Amino acid sequence: MDLELKGKIVLITGGSIGIGKGLVDAFAREGAIVVTCARDGKRLEDSLEELRRNIPGSRIYGKACDVAELQQLEDLVAFADKEAGGIDILVNNAGTGSAEKNMTAPDEKWYHYWDLHVMAAIRLARLCVPVMKKRDGESVIIHTTSICAKQPLEYEPIYNVTKAALSMYSKCLSYELIDDNIRVNTIAPGLMRTPDWNKTAAIVSKEKGITPDEYLQNIADEFAPIKRFGSPEELAQFYLFLCSPKASYCVGSTYFVDGGWLNVVI
Ligand SMILES: NC(=O)c1ccc[n+]([C@@H]2O[C@H](COP(=O)([O-])OP(=O)(O)OC[C@H]3O[C@@H](n4cnc5c(N)ncnc54)[C@H](OP(=O)(O)O)[C@@H]3O)[C@@H](O)[C@H]2O)c1
């Protein structure tokens with residue numbers, strides 16, 4: 001199927017590793033022009049260089065940026081406009097898990113995750129929509145939340161709360177932008193095998209006296225009816241579809257890509 005993404009300009013936050021890197025790869029393979037960012041500029045550039053080598057003819061631009069900082073977001077959007085020639089699709093991906101107790105987590109930690117998961121998306125919408133409106137055809141905004149936005153994990157309340165807030169923001173934004181031919185949706189992944197999970201597995205498995213693969217398999221067996229982690233590559237296929245004009249009637253929804261983990265019908 002031709003997803004009609006060739007020549008589309010896609011801004012993806014957090015594209016140096018994990019799900020974000022998988023997204024940069026997948027969009028570039030569809031012929032889209034990709035702009036991405038991460039805080040660690042060196043790791044980002046190394047990663048993008050590898051992708052450029054593997055995808056002949058690809059146009060992939062990277063800029064160091066902390067999405068929790070307004071000025072850096074302004075610079076990122078200006079960079080995308082200047083280098084790539086605009087923005088058609090925004091994928092909010094940068095984010096990370098937390099670990100705390102409600103009774104002891106300090107205000108600073110709550111504000112940090114609020115800026116990272118929620119304010120970044122609010123600010124990027126404000127900055128990107130005027131740029132999108134100058135382009136022909138429909139535009140798309142995707143917010144990456146998590147199954148935890150609906151089905152919380154006990155050990156990471158700040159993650160659960162801020163991702164749930166992001167889901168609601170996404171819905172509200174979808175009403176406001178559909179008249180401008182901008183479709184807004186949310187993707188809520190379940191277990192995705194990323195370097196971060198590999199790092200955790202290496203540490204915890206040693207303590208438990210099992211292999212990293214056994215540790216991850218135990219988690220998959222416990223949570224996901226499909227009994228395995230997803231890969232960034234297979235998750236990316238869903239983003240491609242939702243960003244494609246082929247998904248033209250998909251507006252204001254949250255799509256779970258979780259191997260069956262969600263325990264409710266919505
Ligand atoms: N992996 C999973 O199982 C899973 C499941 C559900 C949802 N998710 C969601 O999917 C998204 C990606 O997760 P992941 O597992 O791929 O994460 P990851 O492997 O930790 O990668 C995160 C990416 O975002 C960048 N990043 C982090 N903080 C940033 C900031 N403040 N500004 C700019 N870039 C930043 C990182 O680079 P720098 O560190 O250099 O900034 C990196 O490129 C997150 O929103 C996460 O909550 C993941």
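**Basis of the model**

The structure is a prediction, in which local features require a pLDDT of at least 70 and side-chain atom pairs count only at pLDDT 80 or more, while totals for chains, interfaces and linings use all residues. Residue numbers start from 1 along each chain as its sequence is written.

**Overall fold**

The protein chain comprises 8 helices and 7 strands; helices (H or I, at least four residues) and strands (E, at least two) are DSSP runs, numbered from the N terminus. Its C-alpha atoms fill a box of roughly 55 × 40 × 35 Å along the principal axes. The radius of gyration of the protein chain is 18 Å, which agrees with the value near 18 Å for a compact globule of 266 residues. That radius is taken over C-alpha atoms, and the globule rule is 2.2 Å times the number of residues to the power 0.38.

Of the 266 residues in the protein chain, 42% are buried. A residue is buried if 20 or more other C-beta atoms, placed from the backbone, lie within 10 Å of its own, exposed if 12 or fewer, and partly exposed in between. Among contacts in the protein chain with a separation of 6 or more, 74% join residues 24 or more positions apart; a contact requires C-beta atoms, placed from the backbone, within 7 Å.

**Domains**

The protein chain is divided into domain 1 (9-192 + 231-257) and domain 2 (193-229), with bounds from an automatic or database domain assignment. Their centres, taken over C-alpha atoms, are separated by 26 Å. Domain 1 gives 8 residues to the contact and domain 2 gives 9 residues. On the side of domain 1 that touches domain 2 there are 5 nonpolar, 3 polar and no charged residues. In this classification Ala, Val, Leu, Ile, Met, Phe, Trp, Tyr, Cys and Pro are nonpolar, Asp, Glu, Lys and Arg are charged, and the others, Gly among them, are polar.

**Nonpolar core**

The largest nonpolar core contains 72 residues, and those with the most contacts inside it are Val10, Leu23, Phe27, Val34, Cys128 and Tyr239. Such a core is a set of buried Ala, Val, Leu, Ile, Met, Phe, Trp, Tyr and Cys residues joined through C-beta atoms within 7 Å. Helix H4 (residues 107-133) gives the most to this core, with 10 residues. Beyond its neighbours within four places in sequence, Cys128 is in contact with Leu11, Val77, Ile87 and Leu90.

**Ligand shell**

The ligand is surrounded by 30 residues, of which the closest are Gly14, Gly18, Arg39, Asp40 and Gly95; a residue is near a molecule if its C-beta atom, placed from the backbone, lies within 6 Å of it. Helix H1 (18-29), strand E2 (33-38) and helix H6 (195-208) are the elements that give two or more residues to this shell. H1 gives the most, with 3 residues. By class, the shell has 13 nonpolar, 12 polar and 5 charged residues. Domain 1 and domain 2 each supply at least three residues to the shell.

**Positive phi angles**

Most residues other than glycine have a negative phi. Two exceptions are tabulated below.

| Residue | Phi | Loop between | C-beta atoms within 10 Å |
|---|---|---|---|
| Lys227 | about 60° | helix H7 (212-223) and helix H8 (232-243) | 12, exposed |

Technical notes. Two residues are in contact if their C-beta atoms, placed from the backbone, lie within 7 Å.
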